[in-house]
Amino acid sequence: MSLLPRTAEEFSSADYWERFFRKRGEKAFEWYGDYNSLCGVLHKYIKPKDKVLVVGCGNSELSEQLYDVGYRHLTNIDISETVVSHMNQRNAQRRPDLIFKQVDATQTGYESGSYQAALDKGTLDAMASEEEGALAGRMLAEVVRVLSVGGRYVCVTLAQEHVIKLAVEHFAKAGWAIRIHSLSQQSQDSDSSSFALPVFVLICTKFRQPPPFAVLEMCQGEDGAPCRLASVSELLSAIKERQAYALMLQKLKGGTDTLSTPSLTLCHAGTGLPRYTLTVQDSPPSTKVPRANHFAIFIVPQGRESDWLYGSAEGRSQLASSAKFRRLIIAAMHRDQVYEDMQAVQSELSPMVMELAPPGMPDNQQVPFLSVGGDLGWREVIGRGVSDLTGEYSVEDVRGEDGHLYRRLIFMNNTQLVQSESRLRSTTTSSSGHKKKGKKKSKPPSSDAPATANKGNTVDRGFLCCTHHEVMVAGFAMLGMEAIKNKDALVSVLVVGLGGGGLPQFLRDFVPRVHVEVVELDPAVLEVAQTWFGFQTDDRLKVTLGDGLEHISTLASQGGHSYDVIMFDVDSKDPTLGISCPPPAFVETPLLQKVCKLLTPQGVFMLNLVCRDSALRQSVMERIQAVFPNVFSRPIEGEVNEVLLCSKGGDEEHKLSIIPKELQQAAKGLQEVLRNSSQNAPCNPQIDISAMLKELRVA
């Protein structure tokens, strides 16, 4: 609409308002909602007997409607002579006691303490952009002066950051109590004067003596219980969160791009701690969805939010496709929160998630809650700590889809990623020889897992949770049958990146004559591995704390060091690089050449590569292939990971174009060696070497 201000400065210009009201004429322009949408909050804080100063009244009908329901002590002031004249003429007959005066709100001339309330609908927003906030500051100072002790400044505002910050800091410094109500977003229509942002009502109460602590409160809706906040910055953050939520709702009213999956976090009203994370997943327009399947909510089992199906964009898209609903809300529960049962979760979420319904859904539509077998899942946080390098972490036991318990290391700066995982086994029963993938077992209910489920369980050191670790173990077959069967030759291994220690521990426990050296940058990770993941060092398994890059460079420059196998299983802490494993510096040509120099003539370099950028992956592959004559790739099904097995042996002339037949024979030999070495071990190695190499291909 052309009558709307084009800039923030114009919004607060007296000349603009003069032109605006001349052009607008009789039709009242209701900024930020009408009487019906505001009356609940206004009646709560302003009483009919109060003497009220309405600041910047404009030609709004609000004062007229308040007058009609019993508010007879209203003084309306405005900077525009046109609007004051118009409003006096409009109310001369019907409301003779309703006063409109042309008065500057920054210097009213009224007696100090002469009003019990000051009502402001949009005036603060208009003035805050002029004179870098100085004009609004003078208006607020005048409000402070004219209000009596116990008086309230009630301001209807869009709460733009610079506006609300100015007002809140002004009244907090004066020692007033501050409360903000976030009201429901106004319904949108074809009139562009409607606002997409939510409306807030700021209530500031004057005390005779400032309290010993700041009174800062936020309420949801007109009747929401006040939530106390510790600082002005926390209050401003709460406002921003509500505005972001309103904008997301506005976007969702028109549907979403299927590649865009908006998400929001719902916090506990009392503690402010995160309780649910909701992700919106729309089906592509081409998807055939039953006519009645508009909307559903899927509850992710506790402890499973990091699973590929729930924790990745690709997985959530697959989940939505299989559910066959136009819009699926995927709800994940947070650690450190108590959830009674599925019915309680549904009751808690129902009021909020209905706001996220897709456009065009019938009002009486039944919305189903979906889950895995009606189970909330189970999780127990058994350890916490802080790494100087990576920040806070959590060690937690969860029940997997197969019914087994798993122990996971999660860094709080990326809760969707499981840093390390091990399966647990009962200390009173023998270890199962079955892999969890593709083996569906009866799943005990979450109530069967007591709060002390970690007691009586230990890490199953014969079970590797990560497929890429299994492939790396299988890669030892590339050393050849002679090396595998030789009972006298030692096998030296260098592993960069410890994690929970499952891979190097497996090698030490089940590969005969192996000597493993691990390089780990983070001392906290070593402590976690030893405390929670059953990692134990000895004369055949050692850990060096330090930078892997520097360690390799030092070994190469010293000379006299050689390894049969070198493994890189280290992730990048920078998610913006396009390659999350390993960090880019680990695949630069100079370092790759040093790795090659450290390998024995028949040695193998193994690399866990996670690269979503196809161009960057191609560049990495070219560098690796320039150093190593033979490079084999084993993609990990359902993951971005691939394991590269790089052989130092041979040259460009003898570069292999197919996987050598001898490799499968060596794989069988390795399987036999692992089996024989576990005869006196407390658990068995649960790995199929041949299966891990079946999908191997020449890179």
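Helices (H or I, at least four residues) and strands (E, at least two) are DSSP runs, numbered from the N terminus. The model shown is predicted, so that local features need pLDDT of at least 70 and side-chain atom pairs count only at pLDDT 80 or more, whereas totals for chains, interfaces and linings use all residues. Residues are numbered from 1 along each chain as its sequence is written, and side-chain values use heavy atoms, with hydrogens and water left out.

**Figure 1. Overview of the protein, with its 21 helices and 28 strands.** Of the 699 residues, 51% are buried, where buried means under 20% relative accessible area, exposed over 50%, and partly exposed in between (1.4 Å probe, protein chains only). Among contacts between residues at least 6 apart in sequence, 71% join residues at least 24 apart, a contact being heavy atoms within 4.5 Å.

**Figure 2. The open sheet of nine strands, in the order 3-2-1-4-5-7-6-8-9.** The pairing in this sheet is mixed, and two strands count as paired if DSSP finds at least two bridges between them. Strand 3 (99-102) and strand 9 (227-228) are the edge strands, each pairing on one side only. Strand 6 (residues 177-182) and strand 8 (residues 216-220) run parallel and are joined by five bridges; serine 182 has glutamine 220, in strand 8, as its bridge partner. Helix 9 packs on the sheet, where it touches strand 6, strand 7 (200-205) and strand 8, and its direction makes about 15° with that of strand 8; axes here are lines fitted to C-alpha atoms, for helices over the stretch in contact, and angles run from 0 to 180 degrees between N-to-C directions.

**Figure 3. Helix 9 (residues 232-252) and its buried residues.** The buried residues of helix 9 are Leu235, Leu236, Ala238, Ile239, Arg242, Gln243, Tyr245, Ala246, Met248, Leu249 and Leu252. An α-helix has 3.6 residues a turn, so residues three or four places apart point the same way. Alanine 238 and glycine 272 are 34 residues apart in sequence and 9.9 Å apart in space, C-alpha to C-alpha. Glycine 272 lies in the loop between strand 10 (263-267) and strand 11 (274-282), and at 41% relative accessibility glycine 272 counts as partly exposed.

**Figure 4. The open sheet of five strands, in the order 10-11-13-12-14.** Its pairing is mixed, and strand 10 and strand 14 (369-370) stand at the edges with a single partner strand each, so one side of each is left without a neighbour in the sheet. Strand 11 and strand 13 pair in the antiparallel sense over seven bridges, and threonine 279 has isoleucine 330, in strand 13, as its bridge partner. Helix 12 lies across strand 10, strand 11, strand 12 (295-300), strand 13 and strand 14, and runs at about 65° to strand 11.

**Figure 5. The packing of helix 13 (residues 467-474) with helix 15 (residues 502-510).** The two helices pack at an angle of about 35°, with their axes 10 Å apart, and helix 13 passes helix 15 in a right-handed crossing; a crossing is left-handed if the near helix is turned anticlockwise from the far one by less than a right angle, and right-handed if clockwise. His469, Met472 and Val473 in helix 13 meet Leu503, Phe506 and Leu507 in helix 15. By class, this contact has five nonpolar, one polar and no charged residues, where Ala, Val, Leu, Ile, Met, Phe, Trp, Tyr, Cys and Pro count as nonpolar, Asp, Glu, Lys and Arg as charged, and the others, Gly among them, as polar.

**Figure 6. The packing of helix 18 (residues 589-598) with helix 19 (residues 614-627).** The angle between helix 18 and helix 19 is about 35°, their axes lie 9 Å apart, and their crossing is right-handed. Thr589, Leu592, Gln593 and Cys596 in helix 18 meet Arg623, Ile624 and Val627 in helix 19, and the residues of this contact divide into four nonpolar, two polar and one charged.

How values were computed: Expected span 1.5 Å × (residues − 1).
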